[in-house]
Amino acid sequence: GFLWIDGNNSSAVIWGFVIALIALVIVLGFTFGAVYSRKFTIMLTDWAETIVKWAAGLFKKQVDYDFEKQALDLRETARDVVGNRWFEETLATFLGQAMQIVILLVSLRMLGVGEDVVSTAEVFLAYSISQLLLLIPITPGGMGVAEASYIHFLTLASEGAMANEIGAAVLLFRIVTWLYVVPAGGVTWLIWHVTIRGGRDKSHLDPIYN
């Protein structure tokens, strides 16, 4: 959509936008259907269980997993989050993703990759496609896969121009958004851990300790 607004009216961009929009509507439909309908959740779970067991059977493996129980437990958790904190969760997710795109864009511009080489819309597209690929848990935290994906799609968008600068910008982006986050998360976890241990009433935290 951003590419289309940016003036790229090729058939590939238009069809890509239409297909992505249809896919988004379908995914949202399945998600909300599962959250609001127990029967729909069970139906989806039965489909998933059939496919997984069929795939496992190809490798002569048996699947010993309670799909329905896990799906219904996940549904209850999702209903609790959506019902009580949907606005906060949506806003936090949106801001988090938007900030990462901004950091990637700034990293590219700092390394000299200008708008004429890779446009803002193309950066957004490369980031979005990479996030879809990262849904497949190939490595912990997408390590290696994320970098290769960003570099590939950004270099593709630049038609091979400034490949070295793009690679350096992606590494800078990953350092800022991943390497720095790990120690920061450790510090915040330590503060949280000390805080709850120092509290007098821990009854509401029993599930955490259990």
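This is a predicted model: local features need pLDDT of at least 70, side-chain atom pairs count only at pLDDT 80 or more; totals for chains, interfaces and linings use all residues.
Local features are reported where pLDDT is at least 70 and side-chain atom pairs at pLDDT 80 or more, whereas totals for chains, interfaces and linings use all residues. Residues are numbered from 1 along each chain as its sequence is written, and side-chain values use heavy atoms, with hydrogens and water left out.

The largest pocket holds about 1,800 Å³ of space. Pockets were found on a 1 Å grid over the protein atoms alone, as open sets of points where a 1.4 Å probe fits, with protein on both sides within 12 Å along at least five of seven lines; lining residues have an atom within 4 Å of a point. Points are joined across faces, edges and corners, and a volume is the space filled by probe spheres set on them. Two or more lining residues come from each of H1 (2-5), H2 (11-36), H4, H5, H6, H7 and H8 (181-198); helices are DSSP runs (H or I, at least four residues) numbered from the N terminus. H2 contributes the most, with 14 residues. Of the 45 lining residues, Leu24, Phe124, Ser128, Gln131 and Leu132 lie nearest the centre. The lining comprises 32 nonpolar, 11 polar and 2 charged residues (nonpolar: Ala, Val, Leu, Ile, Met, Phe, Trp, Tyr, Cys and Pro; charged: Asp, Glu, Lys and Arg; polar: the others, Gly among them).

The second largest pocket has a volume of about 180 Å³. H2, H3 (38-58) and H4 each supply at least two residues of its lining, and H4 gives the largest share, 4 residues.

The largest nonpolar core has 17 residues, among which Leu104, Leu108, Val118, Val123, Tyr150, Leu154 and Ile166 touch the most other members. Such a core is a set of buried Ala, Val, Leu, Ile, Met, Phe, Trp, Tyr and Cys residues joined through side-chain atoms within 4.5 Å. At least two of its residues come from each of H4, H5 (120-133), H6 (145-157) and H7 (163-179).

Arg109 lies in H4 (residues 67-110) and is classed as partly exposed because its relative accessibility is 27% (buried, under 20%; exposed, over 50%; partly exposed, in between; 1.4 Å probe, protein chains only). Beyond four places in sequence, Arg109 contacts (heavy atoms within 4.5 Å) Gly114, Glu115, Val118, Ser119 and Thr120. Ser119, in the loop between H4 and H5, counts as buried because its relative accessibility is 7%.
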